Amino acid sequence: MRLWAKLEDLNPTGSVKDRAALAMIERAEADGVLFPGATILEPTSGNTGISLAMVARQRGYNLICVMPENTSFERTQLLRMWGAEIVYSPAQGGSNEAVRVAKDLASRNPEWVMLYQYGNPANSQTHYDTTGPEILEDLPEITHFVAGLGTTGTLMGVGRFLREKKPDVQIVAAEPRYGELVYGLRNLDEGFVPELYDESVLSSRYSVGPRDALMRTRQLLHEEGIFAGISTGAILHAALGLADRAAGSGQEADICFVVCDGGWKYLSTGAYEGSLEDAEQAISGQLWA
Amino acid sequence: MAIEVQIPTILRTYTGGEKTVTADGGTLADLVADLDVKFPGLKDRVVDDAGLRRFVNVYLNDEDVRFLDGLATPLSDGDSVTILPAVAGG
Ligand SMILES: Cc1ncc(COP(=O)(O)O)c(C=O)c1O
């Protein structure tokens, strides 16, 4: 039984999102819709925005991020560091609200370019082209791939690649279960399923609560010295569940799980210190992935 | 048989504000039917003619039932069912 960590925290801005951000920008450049001085608009819980901000700064684009107000302070600091403008969306409803506000802004500012990570094929395609092949090359014996589920880009891209090359690999999603505030929609029709999502790519999907996610984030830190963000704890929790199940049925397993981002930008949330109860309380209203 | 069901904020108007309720059922479909007897109107918010509604996710002990047997998923005493609206990350 072996667990393998795909260290996406080692990307330039410290998250898996650098891949999608660069790919979406390069696609838009190739399509001729982005030119120096253009303004990019994007709804984001933070990470994609931070990645876009780095690339936009280097290439001379303006960036406006619509981000829920209940995200860690470091996200705001990092976005500002690269000169992005932030429009905060209400905490209640989480990223769904950010998407709604961004769509509204886009309709009133048709000259802005919304890359729209939830429906942009370049997002999942970059994982098909890069993340998937890297994993298979390093770990040809892979039996399970476990990743987070936000835009679904990572799982759709890597999942499709592995299904083609090694159809027996289990493709497993670990979805963060947030506090109540985030699910506080006005009606159920405001629910949101990313356009990129194709259920048939996945083998199973787990919802992981904050307690389990925090416990595993700390375990990874204390036992392996990997300082990861909280969504990685949720993913590790699902991976360990799969490992247990495989062991129970006497199978060998080589499980690859994604370390989506580093822990640095969650320090202010209190996730890494004190009792688990207190930490859970501290992140309860936050979007922690 | 008692199954604990977590109700999302948005559906608590049906449960008199209760966050956790108990219901019975050998399958998820039976459970939803039992919930509708106890809390009339709840069923229509969770399922439609095609099955689970698009923006509703239901988890059996934290696993998405769409990857089990959907509404036909068998339930056992002591199981926990969570209903949540679909939300984005990113
Ligand atoms: C910290 C973190 N973990 C996991 C994810 C999920 O990745 P994806 O959007 O590719 O589904 C995201 C982004 O949504 C993220 O920011």
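User: Which salt bridge does A:Glu97 make with A:Arg100, and at what N to O distance?
Analyst: This is a predicted model. In it, the side chains of A:Glu97 and A:Arg100 form a salt bridge at 2.8 Å, N to O.

User: Where do A:Glu97 and A:Arg100 sit in chain A?
Analyst: Both are in helix α4, residues 94-108. They are three residues apart, so about one helical turn separates them.

User: Is A:Glu97 buried or exposed?
Analyst: A:Glu97 is buried, at 6% relative accessible area. A:Arg100 is partly exposed, at 41%.

User: OK, zooming out. How many salt bridges over all chains?
Analyst: The structure holds 21. One of them pairs A:Arg2 with A:Glu141, with the closest N and O atoms 3.7 Å apart.

User: What does the pair A:Arg2 and A:Glu141 tie together?
Analyst: A:Arg2 is in strand β1 (residues 2-7) of chain A. A:Glu141 is in the loop between α5 (121-138) and β6 (144-148) of that chain. The pair therefore ties together parts 139 residues apart in sequence.

User: And how accessible are A:Arg2 and A:Glu141?
Analyst: A:Arg2 is partly exposed, with 42% relative accessible area. A:Glu141 is also partly exposed, at 33%.

User: Which residues are linked in a network of salt bridges?
Analyst: A:Lys6, A:Glu8, A:Arg19 and A:Glu134 are linked that way.

User: Switching to the interface. How many salt bridges between chain A and chain B?
Analyst: Four. Among them is B:Lys19 with A:Glu180, where the closest N and O atoms are 3.6 Å apart.

User: Where do B:Lys19 and A:Glu180 lie?
Analyst: B:Lys19 lies in the loop between β1 (3-6) and β2 (20-23) of chain B. A:Glu180 lies in the loop between β7 (170-176) and β8 (204-208) of chain A, so the pair joins two chains. B:Lys19 is partly exposed, at 46%. A:Glu180 is partly exposed too, at 36%.

User: How many residue pairs are in polar contact across the interface?
Analyst: The rule finds 13 between chain A and chain B, both residues at pLDDT 80 or more.

Technical notes. Residues numbered from 1 in each chain as written. Chains lettered and ligands numbered in written order. Predicted model: local features only at pLDDT ≥ 70, side-chain atom pairs only at ≥ 80, totals over all residues. Heavy atoms only, no water. Helix = DSSP H or I, 4+ residues; strand = E, 2+ residues; numbered from the N terminus. Buried < 20%, exposed > 50% of the residue type's maximum accessible area, 1.4 Å probe, protein only. Polar contact = N/O pair within 3.5 Å; in protein donor to acceptor, adjacent residues only side chain to side chain.
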